[in-house]
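Hi,

Here is the structure I promised to pass on. Have a look at it first, and then read my notes below.

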Amino acid sequence: MNFWSVMYDLCMGFGMTLKLFALTLVIAIPLGLLFCFCSMSKFKPLSWLMKGIIWVVRGTPLLLQCVIVTFIPSVLLKIPNKDFAAMLNLDKMADLQFIFVLFAFSVNYACYFAVIFEGGIKNIPKGQREAGQVLGMTKLQIFFHVILMQVIRKIMAPMSNEVITLVKDTALARALSITEIILVAYEKVNKYAVLSPLFYAGAFYLAFSGILTLLFHLLEKKVCYYEVT
Amino acid sequence: MEDNKYLEVRGLCKSFGNVNVLKGVDFTLGHGEILTIIGSSGSGKTTLLRCLNFLELADKGTISVAGEELFNGEELKKGKIKDAQLREKRLHFGLVFQSFNLFPQYTVLKNVMLAPKLLKKGNKQELEEKAKNLIANVGLSDKLDAYPFQLSGGQQQRVSIARALALEPDILCFDEPTSALDPELTVEVLRVIKDLKTTGKTMVIVTHEMEFARNVSDRVIYMRDGIIEAQGTPEEIFDNPENEHLKQFLNSGKTI
């Protein structure tokens with residue numbers, strides 16, 4: 001077994017892990033905010049629908065959701081996955097698999113984020129919103145200029161938990177043959193009959209979540225420059 | 001428009017579920033006058049103030065300022081009042097809260113400037129200069145860059161008065177502005193309100209500070225159980241109260 005060639009392949013695998021991680025975050029954060037607004041909507045049917053979706057998504061395994069998503073085109077739209085890939089201009093099935101995984105991850109994490117956002121928003125004293133109202137601000141202005149910063153401050157800790165969990169959840173993507181780092185490590189284990197690639201993979205996760213912890217720490221310092229009286 | 005009817009409130013009713021909090025409130029107030037509203041907790045004082053600021057929408061009745069009808073309970077029922085209209089009408093009134101409600105993430109200057117900036121009331125320089133003046137008027141020029149948590153309660157309340165004035169409301173309302181403050185901090189806030197009186201600002205003040213109410217008001221309203229039980233000049237209310245409930249209310253403070 002050549003250590004460097006194994007390392008190279010693990011790095012490629014971790015690249016895929018990072019790609020899924022980053023894209024999920026980029027989609028799930030705004031989507032979570034949208035879900036949060038839907039769930040808090042005064043229009044009850046929308047609110048109930050959203051709460052139902054959140055219940056289902058949070059109540060079932062992400063692994064199961066990843067698998068079920070792959071059946072959406074063929075069962076719901078009656079389009080075989082091959083044709084579906086062609087429709088999306090994807091030349092490789094692996095790309096379609098990645099899109100399925102990304103979809104499942106984004107919706108799943110958006111649901112968790114939505115609950116965190118909602119908790120954060122409800123936690124802001126109602127006097128803050130009223131102060132904005134009597135000053136003639138619009139609802140959007142109140143949200144973006146008064147509430148949002150305070151919510152961000154409140155949700156830092158639960159968000160850092162979710163984000164670090166996401167790093168490790170990406171390993172589930174191997175169920176759809178996404179060549180993320182754990183799948184690569186397994187291949188090496190089978191090929192060379194040694195366990196060490198799994199430990200190397202673990203070290204990648206550990207290092208990355210360490211970096212994230214540090215980043216969150218810095219961010220927290222930046223956001224918590226004031227106290228709430 | 002008669003001069004003593006700058007603010008005119010007619011038949012204001014408000015209930016929450018089946019609790020009637022306001023049961024038909026009528027009063028008028030002249031331009032530049034100060035009205036204080038007294039009464040025990042739960043008498044509807046705060047709800048009345050919140051209705052004036054449209055934080056609550058009254059079920060019935062009308063609110064007019066300078067002869068212009070701003071609110072009519074009938075129109076509300078027909079669903080005629082839109083959010084944008086409401087925002088515009090709200091600007092006739094300012095409100096200073098009992099709990100200040102400053103924005104904790106912004107400095108004193110930004111707290112005062114934020115709304116005028118968002119409502120595009122002028123260019124940045126003008127607004128900043130104006131905000132600085134307002135802050136100077138409440139005696140906090142040295143705190144422009146301080147955050148609310150670095151201020152005492154009295155200082156926070158003075159900032160919130162400056163913030164409310166920044167939008168130049170026709171009528172400034174105070175909801176128990178000193179109830180959350182220690183006695184020594186109460187004085188500095190009351191002094192600011194007294195100073196405002198000299199500028200001719202029309203004000204409506206809900207307060208438990210009877211001495212202050214007597215000294216500063218042009219008119220006093222005594223509320224009990226959702227209606228105005230007595231109203232008049234400070235002399236009529238405090239020195240020669242005729243209403244039995246009002247007498248009891250005024251005496252209750254003296255027995256301790």
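**What I found in chain B**

Strand β7 (residues 171–175) and strand β8 (residues 202–206) of chain B run parallel to each other and are joined over 5 bridges. To find the pairing on screen, look for B:Phe174, which sits opposite B:Ile205 in β8(B). Keep in mind that this is a predicted model.

Helix α6 (residues 153–165) of chain B packs on the sheet and touches β6 and β7 of chain B. The direction of α6 makes about 170° with that of β6(B).

Now zoom out to the whole sheet. It is an open one with 6 strands, in the order β6-β7-β8-β3-β9-β10 (chain B), and its pairing is mixed. Which strands stand at the edges? They are β6 (93–96) and β10 (227–232) of chain B; each has a single partner strand, so one side of each is left without a neighbour in the sheet. Ignoring direction, neighbouring strands here are turned by 20° against each other on average.

**A second sheet**

Chain B also has an open sheet of 4 strands, in the order β2-β1-β4-β5, and this one is antiparallel. At its edges are β2 (19–29) and β5 (68–72) of chain B, each pairing on one side only. From one strand to the next, the twist averages 20°. Strand β4 (residues 60–65) of chain B is joined to β5(B) by 4 bridges, and the two run antiparallel. B:Ile63 has B:Phe71 in β5(B) as its bridge partner.

There is a helix here too: α1 (residues 45–52) of chain B lies across β1 (7–16), β2 and β4 of chain B, at about 65° to β2(B).

My last stop is helix α5 (residues 124–137) of chain B.

Which residues of α5(B) are buried? They are B:Leu127, B:Ala131 and B:Ile135. Seen down the axis of α5(B), the buried residues fall within an arc of 70°, so they line one face of the helix.

The face turned away from the buried side carries the exposed residues B:Gln125, B:Glu126 and B:Glu129. After α5(B) comes B:Gly139, with a positive phi near 75°.

Cheers

Note on methods:
Residues are numbered from 1 along each chain as its sequence is written. Chains are lettered from A and ligands numbered from 1 in the order in which they are written. This is a predicted model: local features need pLDDT of at least 70, side-chain atom pairs count only at pLDDT 80 or more; totals for chains, interfaces and linings use all residues. Two strands pair if DSSP finds at least two bridges between them. Axes are lines fitted to C-alpha atoms, for helices over the stretch in contact, and angles run from 0 to 180 degrees between N-to-C directions. Two residues are in contact if their C-beta atoms, placed from the backbone, lie within 7 Å. A residue is buried if 20 or more other C-beta atoms lie within 10 Å of its own, exposed if 12 or fewer, and partly exposed in between; C-beta atoms are placed from the backbone. The arc is that of the directions from the helix axis to the C-beta atoms.
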